[in-house]
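Reader: I have a model open and want to learn how to read it. Walk me through the sheet and the core, please.

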Amino acid sequence: VTTNVESALTDPGSLLALYRDLLRHRAERPALHAGDLRLVPSDESVIAYERTALDGSGDRALVVANLGDRAVVHLVAGGFTEVVVSTSSASTWSPEGSAGGALRLAPNSAAVLVPAS
């Protein structure tokens, strides 16, 4: 497999596409570029935190990262119902109404969730 910028430009699963997606969401969501940070309790191999924008918009985002070598399930609450970025196609989201759901994260993967728009 050849990896270069030319091939990455047309591959929606490339690392380049992931970085572009992350940068786009960071630019569009005030909570992802300037906001308060609150750690969320989770599994020992998971770091999870909620960001709330400082600009008064009420924008919020939840970032969940599995730093371990096994898949984990992180129970999501607080109205986060939409996964906007995931670093692994092996991770899955099971929404449970408007309150949250269960996020299954593959090993060494992360996801960004936001409240329903």
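Reader: How many bridges join β2 to β3?

Author: Some ground rules come before the count. This is a predicted model, where local features need pLDDT of at least 70, side-chain atom pairs count only at pLDDT 80 or more, and totals for chains, interfaces and linings use all residues. Residues are numbered from 1 along each chain as its sequence is written, and side-chain values use heavy atoms, with hydrogens and water left out. Strands are DSSP runs of E, at least two residues, numbered from the N terminus. Two strands pair if DSSP finds at least two bridges between them. Here, seven bridges join β2 to β3, and these strands run antiparallel. Across that pairing, Glu50 stands opposite Leu62 in β3. The hairpin of β2 and β3 has six residues between the strands, and Gly56 takes a positive phi near 80 degrees there.

Reader: What is the strand order in the open sheet?

Author: Five strands form it, in the order β1-β2-β3-β8-β5, with antiparallel pairing. β1 (35-40) and β5 (80-86) stand at the edges with a single partner strand each, so one side of each has no neighbour in the sheet. The twist averages 25 degrees from one strand to the next (axes are lines fitted to C-alpha atoms; angles run from 0 to 180 degrees between N-to-C directions).

Reader: How do the edge strands attach?

Author: β1 pairs with β2 over six bridges, antiparallel. Asp36 has Thr52 as its bridge partner in β2. The hairpin of β1 and β2 has five residues between the strands. Val83 has Leu113 as its bridge partner in β8.

Reader: Which residues make up the largest nonpolar core?

Author: In soluble globular proteins, nonpolar side chains tend to be buried together. A nonpolar core is a set of buried Ala, Val, Leu, Ile, Met, Phe, Trp, Tyr and Cys residues joined through side-chain atoms within 4.5 Å. Buried means under 20% relative accessible area, exposed over 50%, partly exposed in between (1.4 Å probe, protein chains only). The largest core here has 12 residues, including Val40, Leu62, Phe80 and Leu113. Elements giving two or more residues to this core include β2 (46-53), β3 (60-66) and β8 (109-115). Apart from it lies another core, of 10 residues, among them Val63 and Val114.

Reader: What lies over the face of Phe80?

Author: A charge sits over a ring if NZ of Lys or CZ of Arg is within 6 Å of the ring centre and within 35 degrees of the ring normal. Arg60 lies over the face of Phe80, at 4.4 Å from the ring centre.

Notes. Helix = DSSP H or I, 4+ residues; strand = E, 2+ residues; numbered from the N terminus.
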